[in-house]
Amino acid sequence: MELNALTAISPVDGRYRHQVQHLDDYFSEFALIKYRVLVEVEYLRFLADKKFFALSAAQKKGLQDICENFTLENAQKIKDTEKITNHDVKAVEYFLKEKLAAMEAENIQEWVHFGLTSQDINNTAIPLSWKHAIENEYLPALLNFNRQLELLATEWKEVPMLAHTHGQPASPTRLGKEIMVFVERITNQVEQVINVPVTAKFGGATGNFNAHAVAFPEKDWVQFGNDFVEGVLGLQRQQFTTQIEHYDNLAAHFDAMKRINNILIDLCRDMWTYISMEYFKQKTVKGEIGSSAMPHKVNPIDFENAEGNLGIANALLEHLAAKLPVSRLQRDLTDSTVLRNIGVPFAHIILALKSIEKGLGKLVLNSNAINTDLENNWAVVAEAIQTILRRENYPQPYEALKELTRGKNGINQESMHEFIDGLKVSSAVKKELKKITPQNYTGVNPEF
């Protein structure tokens, strides 16, 4: 194990590092610097495209290389400059000016960061990295997970199972349908995530293109900003802003992710309960230990681990969603340190998805336990019998079945059929009623 995994304060960068280290590409300090450099370079190239100055073919290639070949050493150089400037975005500007000097392009150095404030870079770089993380990591992981759930639902489609409402035996269901409940819920919420646009702020010190307009008053800077943010970066530009973006849509993403996390927590608790009821056994792995004291134990630790990670993620997402849209007047600095943490709940969600997938992969259906539970709860067909008797206009059928079953033990097939035999209904209806069992009284659902 690497030393930093043993000395890291956060388990995301320590114990779980090997599972989420790929998120460095979006949420690390290196990633933030790299995305800032990308936005600054794209802005410089856009200015050239709009004829503010000319770039030679070599200079265009040199700018492209800066982005494509950005290294840890480049990032460290910027961090070293930041120690002097005490300003992270200004350090990026100086880095690019130095690169331009090396290209013999000193004449365009002052176009770097022209008319901008640091938040024009931060509030495009961070949304861009967030967009890429959502598209490349979160949605694929979630959709693949949901597909795994759907496959399990299909596999268990015909498995009858006793339902439990209020923790008590209830009208039977099918295991596959109960899994499809979660598939549908996740699918609906994924649509919410996808439909929230990723927005950015780009408009100068207080959102009015003040410096741009005073230098070139004849230019349509609003259209210029829209074309750059939407056409080049692929983000949606907010039209009326202060120094920073509103963060409302970012908060909407956080809220949508929280809802999905709550669905996953619900799933984890259900699976945990089914395991405790022995509806599922768990595959054992040679060499693994369930308890340091009790040799027999096979604990549902994957679902528990996921529940814990999802809880941490939700606590952080709650703060992010509540805090980021609130800023004093045209800007305070509280968003800066908070924004640096958006990768932390993201990482905990990825960890949770991996854990649930692992837990689902260990499940072994225990048909005997499921069927025994059904056989031990013949009282649940009372609903079916009293409903058919209602159809037949039988007097007070609900009350009759209530008297037979409510709070009573020992209700089985024999006692239920004895009750049916005593009903004053036709033999055809009695035959119909006797066909009902806990195993076949499972209703109907859409095909899946």
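Guide: In this predicted model, phenylalanine 70 and phenylalanine 95 are both buried.

Visitor: What makes phenylalanine 70 and phenylalanine 95 an edge-to-face aromatic pair?

Guide: Ring centres must lie within 6.5 Å, and planes over 60 degrees apart count as edge-to-face. The centres of phenylalanine 70 and phenylalanine 95 are 6.0 Å apart and their planes are at 85°, so the pair is edge-to-face.

Visitor: Why is this pair said to tie together parts that are apart in sequence?

Guide: Phenylalanine 70 belongs to the loop between α5 and α6, while phenylalanine 95 belongs to helix α7, so the pair ties together parts 25 residues apart in sequence.

Visitor: How do you know that the charged end of lysine 219 is close enough to count as sitting over the ring of phenylalanine 52?

Guide: The distance to the ring centre is 5.0 Å, and the definition asks for within 6 Å, together with a position within 35 degrees of the ring normal. The charged end of lysine 219 is accordingly listed as sitting over that ring.

Visitor: What makes strands β1 and β2 a pair?

Guide: At least two bridges are required. Five bridges join β1 to β2, so these antiparallel strands pair. Among the partners are proline 160 and arginine 174.

Notes:
Residues numbered from 1 in each chain as written. Predicted model: local features only at pLDDT ≥ 70, side-chain atom pairs only at ≥ 80, totals over all residues. Heavy atoms only, no water. Helix = DSSP H or I, 4+ residues; strand = E, 2+ residues; numbered from the N terminus. Phe/Tyr/Trp six-rings, centres within 6.5 Å; stacked < 30°, edge-to-face > 60°. Buried < 20%, exposed > 50% of the residue type's maximum accessible area, 1.4 Å probe, protein only.
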